Amino acid sequence: MIEPVKLADFFLTFLSAASVILFGAVYALLFAYAKVSKMPRLMPLAYSAYAVLFASVITLAKVTNLFGSAFWISLVVVMLVGYLLAPHAIWHLCVGTHAASHHDDPVADKSDQTPAPLNFGSVNTFHQPCKEEAT
Amino acid sequence: MTALRALDSANLNGGQKLAVKYFTVALALLGVQITFGLLAAVQFVMPDFLFGVVDFSIKRMVHINAMIVWMVFGFIGSVYWMLEEEAGAPTVGLKLGNIIFYVFTAAVLVVVAVYLLVQTGPGEIETQWFITEGREYTEAPRWADIGIVVCLLTFFYNVAATFSKGKVTGIGGVLLLDLVALAGIYTLGMFYTTNLTMDQYWWWWVIHMWVEATWEVMVGCMMAYGLMKVLGTSRKIVTTWLYLEVFMMFGSGILGIGHHYFWIGTPQYWLSIGGFFSALEPLPLVAMVVHAVYDAGVHKSRNNNHPAMGWLIAHAFGNFFGAGVFGFIHTLPQINLYTHGTQWSASHGHFAFYGAYATIIIAFFYIALQKWRGDVWMSGNLFGGWKWKWSMVLLNVGMLGMIMGMLVAGFAQSQIERAIGGATWTAFFAAQEHPWFVQGMHWRLAFGTMFAAGYALLVWDLLTIGKRETRPVQSHDDAALEAK
């Protein structure tokens with residue numbers, strides 16, 4: 001069912017496992033910051049972080065002997081797809097909930113609820129329009 | 001000389017008056033937890049310290065039980081704090097709630113006194129009922145177990161009846177369901193079977209489901225309320241996120257219980273179930289980073305209570321690293337075979353409990369104090385503001401230092417005791433004597449002392465913050481202007 005980690009791979013196991021979560025967070029952070037600040041130039045960095053996450057997952061899978069069965073391979077696939085898509089899904093949800101919140105609250109200061117753009121990187125098509133902007 | 005602002009209960013509603021009582025006991029019990037943690041840490045360095053007076057097992061038991069109880073008191077206090085504002089109605093059965101508070105507090109004192117003065121008993125049913133049940137983390141004697149469930153059900157009655165009388169908000173609805181589970185799941189740890197595996201199976205329901213399900217949901221409700229109060233975030237947004245968080249947490253968290261079933265004699269399929277779902281548990285935490293960045297862009301962290309905001313941020317980071325990173329690095333059975341029950345677990349446990357729970361309860365202490373002092377200023381240039389900042393530094397650095405000390409010790413244990421020595425008795429002592437383990441324990445004691453100093457400063461700050469302030473609380477609009 002499981003093949004334990006080799007003694008020589010202990011450190012690599014801990015390092016690669018920590019890297020999965022940390023680079024997952026860096027990817028999510030850069031992805032969201034690039035969007036919220038309208039800085040598309042950061043997006044390649046975000047996907048670079050995902051690439052490191054990808055390598056970390058593969059390394060972890062190798063040292064923990066996950067490639068030996070279809071079940072554990074499915075875990076690797078779910079992790080890779082999940083970490084890739086979750087920030088996209090959450091971003092859409094953020095935009096949607098904040099936009100809906102504007103429409104429901106007529107006295108709200110609408111500028112308050114819009115992501116604050118920074119001064120550079122003004123590619124209009126880059127920022128996902130919320131419902132309010134779209135209308 | 002300007003008049004000092006006293007803590008005036010006239011500023012509070014009925015539920016909040018009861019809440020501050022719970023907060024006071026919670027803070028005192030945190031002190032008990034730290035004291036017995038330090039005593040246990042000393043014994044790691046000097047093994048004969050207090051030997052025969054208060055043995056290690058007793059110190060550890062009081063340390064962990066005090067933690068569970070102070071956090072439960074903190075959670076109950078937090079719910080009473082937000083209850084009337086959320087429901088829009090006065091607390092129903094407040095008198096009963098007050099009686100239960102005093103009964104609960106007295107019961108805790110009696111249990112701790114028995115732990116320290118009687119300590120152990122013969123393996124008979126009377127010991128289970130009146131001294132200790134003996135199972136770690138749920139050592140409270142049976143009478144106290146029943147008392148805890150009665151207290152939680154009374155607490156549930158207060159909350160449910162108040163929401164019934166007023167309105168049930170999104171936060172209220174989630175809270176009500178959570179409280180049913182909080183009381184119900186505890187009963188699963190109140191029976192024995194002669195089969196040790198089966199016994200452990202249900203015991204883990206209490207430990208895992210309380211901590212990684214009901215407590216996490218409770219914290220989600222507290223965070224939602226805290227963000228509305230401190231940042232002025234809209235109710236609709238926090239409620240949507242609360243639903244999503246509950247959904248994601250239950251999606252991976254419930255079956256994540258399998259990582260406790262790896263080595264207790266349960267069938268092999270738990271290795272697969274536990275490994276799979278535990279590996280996915282950090283995913284929601286990572287996804288939430290997007291939400292945090294989005295909200296920071298929208299609100300720019302404009303807040304009217306800097307200490308509370310600081311602790312809410314500490315909660316977000318602590319939950320991510322303590323529960324997420326430190327949990328994931330040893331959650332797969334392929335590596336957990338070597339790490340479970342070593343200082344790795346202690347390292348993860350300290351980080352996760354502190355990061356996920358202690359921090360947010362401390363944030364609520366500051367939210368409560370702001371109102372208790374009469375909606376006092378707690379923004380920039382706060383009079384005596386160095387105290388909350390330094391207590392935060394000492395507590396956080398102290399905790400991180402302890403975690404790292406235990407991590408190094410755990411690494412030595414997993415290699416020497418488990419992988420090389422094959423988990424024999426001899427290998428256990430070989431690991432305990434290894435310099436990495438010994439030095440790790442010294443560092444734990446040193447940073448534990450720093451943590452205790454941070455606690456002392458925290459208490460001083462909580463007693464005095466806002467006392468000399470003459471300015472009223474900063475409005476969210478003013479905070480927004482200041483941020484621009």
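Predicted model: local features only at pLDDT ≥ 70, side-chain atom pairs only at ≥ 80, totals over all residues.
Residues count from 1 along each chain as written, chains are lettered from A in written order, and side-chain values use heavy atoms, leaving out hydrogens and water.

**View 1. Where chain B meets chain A.** Here 49 residues of chain B are in contact (heavy atoms within 4.5 Å) with 50 of chain A. No salt bridges turn up between the two chains.

**View 2. B:E85 and its two lysine partners.** B:E85 pairs with B:K229 at 3.1 Å, N to O. B:E85 sits in helix α2 (56–87) and B:K229 in helix α7 (196–230), so the bridge ties together parts 144 residues apart in sequence; helices are DSSP runs of H or I, at least four residues, numbered from the N terminus. B:K371 also bridges to B:E85, with the closest N and O atoms 3.7 Å apart. B:K371 belongs to helix α13 (343–372), so this pair spans 286 residues of sequence.

**View 3. The B:E469–B:R471 pair.** These side chains meet at 2.8 Å, N to O. B:E469 is buried at 4% relative accessible area, whereas B:R471 is partly exposed at 28% (buried is under 20%, exposed over 50%, partly exposed in between; 1.4 Å probe, protein chains only).

**View 4. A salt-bridge network in chain B.** B:E133, B:R135, B:R142, B:D145 and B:D199 are linked together.

Terms used: Salt bridge = Lys/Arg side-chain N within 4 Å of Asp/Glu carboxyl O. Helix = DSSP H or I, 4+ residues; strand = E, 2+ residues; numbered from the N terminus.
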